[in-house]
Structures are given as C-alpha cells and as structure tokens.
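Reader: Hi! I have just opened this one and would like a friendly tour. Could you put it up for us both?

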Amino acid sequence: MVSILSKMFIIVATVSQMIWWQIDIGLEKLDQIEAQLTLQREWAEYRWKKASAECYDKFFVNSFLSDARAKYRREIDPIR
C-alpha cells in the first residue's frame, strides 16, 4: 500500500512540475510578446513626436519667413 501511495505521489509531483514548467514557459512567452508590443508602441510614439516636431519646425519657419518678408516690405516700400 505504501509503495502505491509513494508512486502516486511521485506521479502527482511530476505532473505538477510539468504544469508549472508549462506555465513558466507561457509566462515567458507573454513577457516576450509584451516587450515586443511595448517596443512597437515606443517606436510609434517616437515617429509621431518626430513628425509633430517637423510640423512645428515648418510652421515656425513659415511664420519667421512671413515676418521677415513683411519687415522687408516695410523697409522697401519707402524706397520704391
């Protein structure tokens, strides 16, 4: 009887270890997926911020050019 119980305990312990091993592998895979998604999110945010900054640069350049043109015209008008 003891022999059967100890064999059953060993089988249950082995199955339990296999289940935990599979859970660990599943958690590692989930961690990898989460890391990939985080990286993709960060790159998308980087590209958005870069494009946004480029838009502001273009706006400010156009604004400065308009201001410079207006100043130039004010200086040139009396000369014409």
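Reader: Thanks! Where does Asp24 lie?

Author: Asp24 lies in helix α1. Helices here are DSSP runs of H or I with at least four residues, strands are runs of E with at least two, and both are numbered from the N terminus. Before we go on, this is a predicted model, so local features need pLDDT of at least 70, side-chain atom pairs count only at pLDDT 80 or more, and totals for chains, interfaces and linings use all residues. Residues are numbered from 1 along each chain as its sequence is written, and side-chain values use heavy atoms, with hydrogens and water left out.

Reader: Good to know. How many helices and strands does the protein chain have?

Author: The protein chain has one helix and zero strands. Helix α1 covers residues 2–76.

Reader: And what share of the residues count as buried?

Author: Of the 80 residues in the protein chain, 1% count as buried. Buried means under 20% relative accessible area, exposed means over 50%, and partly exposed is in between, using a 1.4 Å probe and protein chains only.

Reader: Back to Asp24, then: why does Asp24 count as partly exposed?

Author: Because its relative accessibility is 40%. Asp24 also gathers with Glu28, Asp31 and Glu34 in a patch of negative charge on the surface. Asp and Glu count as negative, Lys and Arg as positive, while His and the chain ends are not counted. The place of a charge is CG of Asp, CD of Glu, NZ of Lys or CZ of Arg. Patch residues have over 30% relative accessible area and no salt bridge; like charges are joined within 9 Å, and nonpolar side chains (Val, Leu, Ile, Met, Phe, Trp, Tyr) within 5 Å.

Reader: Which residues make the nonpolar surface patch?

Author: Ile19, Ile23, Leu27, Leu30, Ile33 and Leu37 make that patch, which is about 520 Å². Areas come from the Shrake-Rupley method with a 1.4 Å probe, and for residues only the protein chains shown count as cover. Leu37 counts as partly exposed because its relative accessibility is 42%.

Reader: Switching topic, which side chains meet in a salt bridge?

Author: Those of Glu45 and Lys49, at 3.1 Å from N to O. The rule asks for a side-chain nitrogen of Lys or Arg within 4 Å of a carboxyl oxygen of Asp or Glu, and the count comes to one. Because they are four residues apart in helix α1, Glu45 and Lys49 are separated by about one helical turn.
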